[in-house]
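Here is a short report on one protein model. Look at the sequence and the structure first, then read on.

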Amino acid sequence: MGILLEADYKGVLTGKESVWSGLQRAFSQTKAGSQANPLERGTEGDGELKSGENDGQITYELMNRDSAITLAQETSIADVPAFVYISAAAGAPMLPKRYITTKREAESTISSSLPKLRNIFIRPGFLYDSSRSFTMPIAFAGSAGNMVNSLVGGRLTALAGAAVEKPLKADLVAEAEVEAIADHGTKGVVETQKIEDLANAAWRRGML
């Protein structure tokens with residue numbers, strides 16, 4: 001869950017908001033999350049998350065962080081033993097820094113505040129699938145970037161982030177998620193190599 005872009009690009013395209021205003025909203029250094037702490041919604045978890053922005057804007061803080069924390073809390077209340085959060089390997093030069101910082105804040109809060117949950121934080125790079133044709137050239141470019149990054153010992157990671165992380169097929173990540181839930185030894189951060197290992201384990205089980 002979460003959002004990749006929070007700017008009201010539809011408002012910009014329809015003329016309801018200027019391009020400059022849209023860019024300011026997109027790359028603002030601070031934004032509000034929910035109006036109330038998502039962990040203080042009552043023991044029954046019956047509080048509603050509402051945007052803390054005056055105009056009701058859906059922000060990274062609300063979607064990438066507070067919504068994830070709320071779902072994790074609901075999972076704990078329902079005594080479900082495991083919670084999977086689809087995070088991200090890193091940010092990217094073309095995305096506001098808050099895209100990744102809010103995901104890391106969600107991981108940290110869930111881990112520290114809901115320790116009884118077996119938290120699984122999946123951190124893939126770019127996800128692609130042939131059914132979404134526009135993702136294929138992006139994945140190709142990402143694969144090339146990943147190869148170059150590997151050749152230089154990973155020195156491009158600090159600069160390019162997820163743009164040089166190995167792209168993964170969406171179905172492979174989905175298989176890894178299911179395998180992670182079934183494997184009680186899987187907990188915490190799951191990065192690219194572990195995602196591939198889990199997917200391979202699921203494939204081998206299916207072949208038996």
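## The largest pocket

Start with helix 5, which gives 4 residues to the lining of the largest pocket, the largest share. Helices (H or I, at least four residues) and strands (E, at least two) are DSSP runs, numbered from the N terminus. Helix 5 spans residues 135-151. Helix 4 and strand 3 (127-128) also give two or more residues to this lining.

The pocket holds about 890 Å³ of space. That volume is the space filled by probe spheres set on grid points, which are joined across faces, edges and corners. In total, 33 residues line the pocket. Nearest its centre lie Leu-4, Tyr-99, Gly-125, Phe-126 and Leu-127. A pocket here is an open set of points on a 1 Å grid over the protein atoms alone, where a 1.4 Å probe fits, with protein on both sides within 12 Å along at least five of seven lines; lining residues have an atom within 4 Å of a point.

## How the model is read

This is a predicted model: local features need pLDDT of at least 70, side-chain atom pairs count only at pLDDT 80 or more, and totals for chains, interfaces and linings use all residues. Residues are numbered from 1 along each chain as its sequence is written, and side-chain values use heavy atoms, with hydrogens and water left out.

## Glu-107 in helix 4

Glu-107 sits in helix 4. Is Glu-107 buried or exposed? Its relative accessible area is 5%, so Glu-107 is buried (buried means under 20%, exposed over 50%, partly exposed in between, with a 1.4 Å probe and protein chains only).

The side chain of Glu-107 makes a polar contact with the side chain of Arg-123, at 2.5 Å. A polar contact is a pair of N or O atoms within 3.5 Å; within protein, one must be able to donate a hydrogen and the other to accept it, and residues adjacent in sequence count only if both atoms are side-chain atoms. Leaving out residues up to four places away in sequence, Glu-107 touches Tyr-85, Ser-87, Phe-121, Arg-123 and Val-189 (contact means heavy atoms within 4.5 Å).

Helix 3 covers residues 60-77. Its buried residues include Tyr-60, Leu-62, Asp-66 and Ile-69. Strand 1 (82-86) and helix 4 (98-113) are among what covers them.

Asp-79 lies in the loop between helix 3 and strand 1. Asp-79 is not a glycine, yet has a positive phi of about 60 degrees. Asp-79 is exposed, with a relative accessible area of 66%.

Key:
The expected span of a helix is 1.5 Å times one less than its number of residues.
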